[in-house]
Amino acid sequence: MIHPATVRDAEEIAGIYNHYIANTVITFEEQIVTPEQMAARIETVGSSSLPWLVAERDGQLLGYAYAAPWKARSAYRFSVETTVYLHPETLGRGIGSLLYETLFSDLERRGVRTAIGGIALPNPASVALHEKLGMKKAAHFERVGFKFDQWIDVGYWQINL
C-alpha cells in the first residue's frame, strides 16, 4: 500500500496537490502545478537522498508524504521538513498517520534526527495528526502568508527521531 513515489506518480500527485492549491490556504502555492513540474520535484527529493512515499489502494493514489532538506547549510543536514497531502476523499481514514509513520521510520534509518512540519493555521485536523505522532509545536509565525485575500499564520511542529 505504501511505496516510494516515482515520476510515473507525478500526474496523480499533482492532481491531489492542485486541489489544495485551488481550494485551500493549506499550501501557499497559488499556481496550479503540472505533472512535469511535480515529476521534477520528485526527482529533486530523490537526488537529496530523501524519501517521497505514496499510499495506493487498488491502483488509486490516496496520498503522499515526503521529506525535503530543512535548510541548505550543511549543519542542518540531519533535519528535514516533512509534508503530507491526502486525496480529499480519503481524509480521516488514518492514511496520513500511516504515511507519516512510514516516513519517520525511513528517515530514522537514513540518520535524520529532526523532522519539522509546517501548518497553515488554523488547521485542527493537521495539528491533531502531527501531535498524534508525537510532534510538538515549536514555533508560531503570525500573518506570514497571504492567499485568497486573507493573512495566514503558520505553526511549526517538530519531532526528534
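## A walk around the sheet

Proline 122 sits in the loop between strand S5 and helix H4 (124-132); helices here are DSSP runs of H or I with at least four residues, strands are runs of E with at least two, and both are numbered from the N terminus. A cis peptide bond joins leucine 121 to this proline 122, with omega at about 5°. Please keep in mind that this is a predicted model, in which local features need pLDDT of at least 70, side-chain atom pairs count only at pLDDT 80 or more, and totals for chains, interfaces and linings use all residues. Residues are numbered from 1 along each chain as its sequence is written, and side-chain values use heavy atoms, with hydrogens and water left out.

Let us turn to the sheet. It is open and has 7 strands, in the order S1-S2-S3-S4-S5-S7-S6, with mixed pairing. Two strands count as paired if DSSP finds at least two bridges between them. Strand S1 (2-4) and S6 stand at the edges with a single partner strand each, so one side of each has no neighbour in the sheet. On average, neighbouring strands of this sheet are turned by 25° against each other, direction ignored. Such angles run from 0 to 180 degrees between N-to-C directions, and the axes are lines fitted to C-alpha atoms, for helices over the stretch in contact.

Helix H3 (residues 95-109) lies across S1, S2, S3, S4, strand S5 (114-121) and strand S7 (150-160), and runs at about 155° to S4.

How many bridges join S1 to S2? There are 3, and these two strands run antiparallel. Histidine 3 has valine 54 in S2 as its bridge partner. Valine 54 also has a bridge partner in S3, namely tyrosine 64. S3 is joined to strand S2 (residues 52-57) by 6 bridges, again antiparallel, and tryptophan 52 stands opposite tyrosine 66 in S3. The hairpin of S2 and S3 has 2 residues between the strands, and aspartate 58 takes a positive phi near 50° there.

On to the next pairing: 7 bridges join S3 to strand S4 (residues 79-86), and these strands run antiparallel. Glycine 63 has leucine 86 in S4 as its bridge partner, while proline 69 is partnered by valine 80 in S4. Is strand S3 largely enclosed or largely open? S3 (residues 60-69) is largely enclosed by the rest of the structure, because 7 of its 10 residues are buried. Here buried means under 20% relative accessible area, exposed means over 50%, and partly exposed lies in between (1.4 Å probe, protein chains only).

Now for the charged pairs. A salt bridge is a side-chain nitrogen of Lys or Arg within 4 Å of a carboxyl oxygen of Asp or Glu, and by this rule the count comes to 2.

| Arginine 41 | Glutamate 29 | 2.6 Å |

Arginine 41 forms its salt bridge with glutamate 29. This pair links distant parts of the chain, with arginine 41 in helix H2 (residues 35-47) and glutamate 29 in the loop between helix H1 (10-23) and H2, 12 residues apart. Arginine 41 is partly exposed at 30% relative accessible area, and glutamate 29 is partly exposed at 23%. In the other pair, arginine 110 is partly exposed at 42%, whereas aspartate 106 is buried at 12%.

Phe28, Phe141 and Val144 make a nonpolar surface patch of about 270 Å². Patches are built from residues with over 30% relative accessible area and no salt bridge, joining like charges within 9 Å and nonpolar side chains (Val, Leu, Ile, Met, Phe, Trp, Tyr) within 5 Å; accessible areas come from the Shrake-Rupley method with a 1.4 Å probe, and for residues only the protein chains shown count as cover. Valine 144 lies in strand S6 (residues 136-147) and is partly exposed, with a relative accessible area of 48%. Arginine 143 is also placed in strand S6, and its phi is near 50°, a positive value in a residue other than glycine. Serine 49, in the loop between H2 and S2, has a positive phi too, near 60°, and counts as exposed at 51% relative accessibility.

Definitions and conventions. Contact = heavy atoms within 4.5 Å.
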